[in-house]
Each structure stands twice: as C-alpha cells, then as structure tokens.
Amino acid sequence: MASDLPAQDPVGFAARQAIPASLTLNYSEDGRDARRTAVRNNYRPKVVFGGREVICMMRMEPGTSIAPGESGEVRLDCKDPVAVARGGVRHVVREGGKDVGFVDVDLPPLP
C-alpha cells in the first residue's frame with residue numbers, strides 16, 4: 001500500500017561541510033555508556049549515519065563545553081560525505097567502542 005506522504009529524500013552533506021546539530025551526552029554514575037568528563041571545541045568522536053561510522057569534529061563556541069547529561073549546539077565537520085534522513089533520526093555518538101551520546105541534525109526546511 002503506497003503512502004500518501006511525499007517521499008522525503010535524505011539531505012546530503014559534503015565532507016568538511018558545516019552541519020548544524022545538537023549534541024546530547026549520556027550520563028551514568030559509573031561511566032558505562034557515557035563519558036566521565038565534558039567535551040570542548042574540536043571533540044572528534046565517531047557518529048553513526050545510516051549504520052556507517054564517520055569521524056566528525058564537533059565545533060563549539062570558544063569557552064563552551066558540554067558535560068555528561070547535558071545538551072548543546074555544535075557544528076559537525078565530518079571527514080567523509082554523509083546523508084541525513086528527515087524525520088527526527090538521532091545519530092549515535094561513539095567513543096572508544098561505546099555509545100556516549102547522540103546528535104540531532106538541524107535540517108533545512110523542505111522547499
């Protein structure tokens with residue numbers, strides 16, 4: 001059965017293109033699946049886009065940090081091109097083999 005909604009193609013971003021997003025870091029008393037310390041400008045974890053891990057630098061305003069359990073605005077600068085699906089998909093942030101948070105990408109509105 002066909003959907004009545006128009007197809008929403010993913011939005012493509014070139015390598016090193018600034019991607020506006022919000023980063024949320026997991027919080028855990030024991031540090032499992034979470035960072036123990038805050039992140040600052042130029043943090044470089046892997047971000048999962050459609051099952052593919054891509055190294056992305058997270059740029060923040062100078063002097064800004066995001067602590068575990070907090071959220072903040074970042075600009076992603078990914079090493080490789082990525083495609084971001086519409087519809088509120090959260091992208092997992094991985095560091096050292098564990099999922100430490102997620103990013104929500106701020107996509108431009110449909111034309």
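Guide: This is a predicted model. Take the contacts of the protein chain with a separation of 6 or more: 63% of them join residues 24 or more positions apart.

Visitor: How many helices and strands make up the secondary structure of the protein chain?

Guide: The protein chain has zero helices and ten strands. Read from the N terminus, its elements run β-β-β-β-β-β-β-β-β-β. Along the principal axes, the C-alpha atoms fill a box of roughly 45 × 30 × 20 Å.

Visitor: What percentage of the residues in the protein chain is buried?

Guide: Of 111 residues, 36% are buried, where buried means under 20% relative accessible area. The accessible surface of the chain is about 6,900 Å², and carbon and sulfur atoms account for 50% of that area.

Visitor: Which residues touch the most other members of the largest nonpolar core?

Guide: In soluble globular proteins, nonpolar side chains tend to be buried together. Here the largest nonpolar core holds 24 residues, and Leu23, Phe49, Met58 and Leu76 touch the most other members. Several strands supply at least two residues each, among them S1 (11-13), S5 (52-59) and S10 (98-105). Strand S2 gives the largest share, four residues.

Visitor: Which residues does phenylalanine 49 touch, leaving out those up to four places away in sequence?

Guide: With that exclusion, Phe49 touches Val54, Cys56, Leu76, Cys78, Val82, Ala83, Val84 and His91.

Visitor: How many positive and negative side chains are there?

Guide: The protein chain carries 15 positive and 15 negative side chains. The centres of the two sets lie 7 Å apart.

Methods:
Residues are numbered from 1 along each chain as its sequence is written. This is a predicted model: local features need pLDDT of at least 70, side-chain atom pairs count only at pLDDT 80 or more; totals for chains, interfaces and linings use all residues. Side-chain values use heavy atoms; hydrogens and water are left out. Buried means under 20% relative accessible area, exposed over 50%, partly exposed in between (1.4 Å probe, protein chains only). Contact means heavy atoms within 4.5 Å. Accessible areas come from the Shrake-Rupley method with a 1.4 Å probe; for residues, only the protein chains shown count as cover. Lys and Arg count as positive and Asp and Glu as negative; His and the chain ends are not counted. The place of a charge is taken as NZ of Lys, CZ of Arg, CG of Asp or CD of Glu. A nonpolar core is a set of buried Ala, Val, Leu, Ile, Met, Phe, Trp, Tyr and Cys residues joined through side-chain atoms within 4.5 Å.
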